[in-house]
Amino acid sequence: MKISRRNFLKSSATALFLAGFNLPVLANTKPKKNLVVIMLKGAMDSLYAVPVIGDKDLEERRQDLILDNAVKLDTDFALHPKLNSFYKSWQSNQASIVHATNIPYSKRSHFDGQNLMQSGGHIPYAVKTGWLGRGMNLAKLNGDGLALQLPMPLLLRGTSNNNNFFPAKKKLPNKEILEILKSHYKEHSEKDLEEMMNIISQRSMMTGETMSMSRDNNSLAFKAGSELKKVNGPRVAVFQVNGFDTHAAQSGVDGSHTDSLIEMDNIFNKLNESLGKEMKNTLILTLTEFGRTVTQNSGLGTDHGYASAIFLGGGLLKKSQVYSDWPGLKTKDLFQGRDLNSTIDARSVYASAMSSVFDLEFELIKKEVFWGDNLQNLTNILFKA
Amino acid sequence: MKDFVRKVSFGVGPDERVPTDPLNWAKNQLNSVPKLKWDGKKIYTEKELREFQNKYSLKERKKIRDKYKNDPDTLKKEQRKLALKTGRGHWINLELGIRHTEAIHSNSPVFTKLWYFWANHFTISSIKQLQQFSTGAYQRESIRENMDQTFEKMAFDATVAWPMIRHLDNSQNIGPDSPVGLKRASRGKEATINENHARELLELHTVSPNSGYNQDDVIQMSYLMSGWRSRKNKEGKFGDVYFEPNIHQPGRKRILGLGYNEGEKGLSKVIRDLSKNPSCREFIAMKLCRYLITDYPSKEMTKPIVDAWKKSDGYLPEVHKAAIEVAFNYSPMYKKFQNPENWLLQMVKMTGANIIPSPKILDNHVLGNKINKSQKVLHVLLNSIGHHPYFSKQPNGWSDISDDWMSPELLIRRLVYSKEIFNKIKKNNQSNDFYAEMILKNFDNPNQILKTLNKRKEPIDRHILLFNLPEVLKS
């Protein structure tokens, strides 16, 4: 039997009560913590978004991709000037970057890379669940995932009762029809259909306003924020931003890579706006399948590379920082002589983030979610305990 | 019996009679490849469509990008222009029209449902513009045309089809010890195998990982396949697939314990052996049962199909007949969750809804002109319901596991698009009387369905209820 979150809370509450805990106090001291994951698809160019300052090699290799007005973050790194919301969070200690990081995958196929960044595994398509779904299941978070897209992403699979939202822009049939269907499903023991129809007919998201709602990430993020804010709302939200695969015309502050970065930045913005104070109990984390070549190509773009960066946001961060074990950009330092090297397994960040948000031991996550792979515990460096 | 008809086809249409002997009705469709029902002026070959894709080549697009690299607005406009001129966006509509006409208007819907199975088995996923130009034609020529041949023949033709070679990068699969490989190495350039196609041929198309192949087998398979490529000329235009000895890895290869001499013949020989491998027939039998009967089929279900394969040496009409017979036997006990496209087609078939653009509408399209709504209705619909046969994201194709089609939003799509389709049904067919007869023709348990439908009076409400009942979602 699938245990819904509410049932689980009920049963654990009973157990705690029997053990003599003072329940109301316990409930009040534990805030609801949220994790938002943004998948950046197409390979985000970390050297463009978060360039290293004054690096001769970079300047030489990317004459047309150097941003004049990049915003200085610390002595070594700067930020793309259009990432306004991210920078605002940075100034209030709610934004970080992990640089020169990637999942352990170096073959440059979007396809395999996007599969692995979600499954957390080593062999494309071999694992049928996502690291986030497995982590949530470990934390007994069932019915707490919300995907802002049409199918359920691999990332969330591995736990039950996940919800998703992607405006159909068509009116749902009236309530009576949904109720008739629900009772028909029930009568005929169609558990999955009944469960989904329950979600559909109960959720607050399917109101008239969503009819005119756009499917862009701005609107989706605002909606997600308002859902995450609810005490009984989801605890995990998953977004995707496309268009990072800029083999050409990436150039300049107004190039196409910038459009995708702005789309990501807008998600930060809208979440901030709609989560408000609850942003302090929220963590935002980005994934991408790999980075892009250090050297620009003749079309003023970049090709598939290796390491990239992770953007982090929200009040669960320890402080604003660029965390990196910088490998350097001299030819000898590059992966296969062309790409930024990866010095941090991105899954160390994923595992540490889950440890912080789900209140699980890092070692347990490492063992149960990532098969005991050799991951670094970065919880204390990056996140509030 | 009626449930079985829906299970293996798309149901019984308004002007059709319920087959009196459904099992033989189904089996009789499987002996040969029927002529396509589409009566448009022209059906284009994959080779012809490749010429259009060649005009939309990377090189052509790069020319535009370079020219307007500092002017994103004009860049977008010029890109659009080139796309329309080369038929990007049009060919899909034409191919979907051909595809769906086979489901709705042909006398071989069972054959068609199996065609969809094989097209998905030998998937071309939506990369490198293939979905826009080639996939539809490939599914007709390399897949459908081979459905009265052996599996071995279909597997070989699919493997050396230009869209597949392009899809899985085999042109870049170069034997390191081949003349070209050695020459490149002497100039300090890398020349390597590309394992992509070799791995998928083993994993997805024939024996599956259950056969126990290892990384060495994959490498050896890549060696064996090196040389099968399509040449790209200086303008970036692709030619036919052929065997180029100068990039073929010399020496004998060993795959799953069997030896192969170097050269062109290795590929047909290895595909023959893979087709005879027990893991291959077990894998395909499992997938057929999964498509028609249930997510996780039992050995008892797959056995008759495996036996038919053994007996006929993988002759597809016999394999198909065995699968249909198994589906018939298990039909009362097992209902299979229908993927969105097959669900949509059931609804269209049973109600007679008019959604396929006429051959005239598509034939009248002039390349370069804007594509209008009435032309792309199927394309838009399939995208909206989240299941477009040319836009699979992965080389393993669309899933046949129910869980992958279960999300609240995907169920919402079924609710709202059943409503949309109702408006495409002609007035006479919208009446409650018509529905009563249609339900009688298509379901073994009409009373149970009518009981639920009778909770609403309005025809549109009854329509939405019907097409979201488990009796329709699962067949």
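**The two domains of chain B**

Modeller: The centres of domain 1 of chain B and domain 2 of chain B, taken over C-alpha atoms, are separated by 35 Å. This is a predicted model, and the boundaries of the two parts are as follows: in chain B, domain 1 covers 149–336, and domain 2 covers 340–473. Confidence in this chain can be stated briefly, for chain B has an average pLDDT of 95, and 100% of the residues score at least 70.

Where do the two domains touch? The contact involves six residues of domain 1 of chain B and five residues of domain 2 of chain B. On the side of domain 1 of chain B that touches domain 2 of chain B, at least two residues each are supplied by α13 (196–205) and α16 (278–292) of chain B. Sorted by class, that side of domain 1 of chain B has three nonpolar residues and three charged residues, with no polar ones.

In general, nonpolar side chains tend to be buried together in soluble globular proteins.

Chain A contains 14 helices and 11 strands, and of its 385 residues, 52% are buried. Among the contacts in chain A with a separation of 6 or more, 70% are between residues 24 or more positions apart.

The two chains also meet each other. In that interface, 31 residues of chain A are in contact with 30 residues of chain B. On the side of chain A that touches chain B, β6 (163–164), α8 (175–187) and α9 (191–202) of chain A are the elements that give two or more residues. The residues on this side of chain A comprise 21 nonpolar, six polar and four charged. For the model as a whole, the scores are ipTM 0.92 and pTM 0.83.

Conventions. Residues numbered from 1 in each chain as written. Chains lettered and ligands numbered in written order. Predicted model: local features only at pLDDT ≥ 70, side-chain atom pairs only at ≥ 80, totals over all residues. Contact = placed C-beta atoms within 7 Å. Helix = DSSP H or I, 4+ residues; strand = E, 2+ residues; numbered from the N terminus. Nonpolar A, V, L, I, M, F, W, Y, C, P; charged D, E, K, R; others polar. Domains from an automatic or database assignment. Buried ≥ 20, exposed ≤ 12 C-beta atoms within 10 Å, placed from the backbone. pLDDT = per-residue confidence, 0-100.
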